[in-house]
Amino acid sequence: TSYQYVFFFNDTATTEIYTEQIVGSVRCVQETGLNVQREPSARGVLICGTGIGMSMSANKFKGIRCGLCDDDYTAYNARKQNDCNVVALGGWVVGQGVAFQIVDTFLNTEAVSYTHLT
């Protein structure tokens, strides 16, 4: 069975975890999008097979800037240069160690430049 994973991080360091079977991927993206919309300082992490579908779906939500990242360099620039508030990962694409590096970099990098948000 394939699963989708969603992690939601907010200012109080509370983590809400949603796990759905693959048919629930739309619900996972909706939960993340709505939570990040409600709390501007929140961050979301979406994980599915390739990360492509979830990133495309997440970017349909107003105010959501989801970057598809496959290493910590892209995660760093997604936050620093593009102020992404959601990151999507492909579980079939990146290994567990790299996934942890991506999430750590994404959550600990502050945005300083908005060069691509015009």
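A contact here means that heavy atoms lie within 4.5 Å, and among contacts in the protein chain between residues at least 6 apart in sequence, 58% join residues at least 24 apart. The model is predicted, so local features need pLDDT of at least 70 and side-chain atom pairs count only at pLDDT 80 or more, while totals for chains, interfaces and linings use all residues. Residues are numbered from 1 along each chain as its sequence is written, and side-chain values use heavy atoms, with hydrogens and water left out.

**Overall fold**
- The protein chain has 4 helices and 5 strands, taken as DSSP runs numbered from the N terminus (helices H or I, at least four residues; strands E, at least two), and their pattern along the sequence is β-β-α-β-α-β-α-β-α.
- Of the 118 residues, 43% count as buried, where buried means under 20% relative accessible area, exposed over 50% and partly exposed in between (1.4 Å probe, protein chains only).

**Strand β3**
- Strand β3 (residues 43-48) is largely enclosed by the rest of the structure, because 6 of its 6 residues are buried.
- Arg43, Val45 and Ile47 point one way from β3, whereas Gly44, Leu46 and Cys48 point the other way.
- Strand β3 runs parallel to strand β5 (residues 86-90), to which 5 bridges join it; strands pair if DSSP finds at least two bridges between them.
- Within β5, Val87 is the residue that stands opposite Val45.

**Helix α2**
- Ile52 belongs to helix α2 (residues 52-58) and is partly exposed, with a relative accessible area of 42%.
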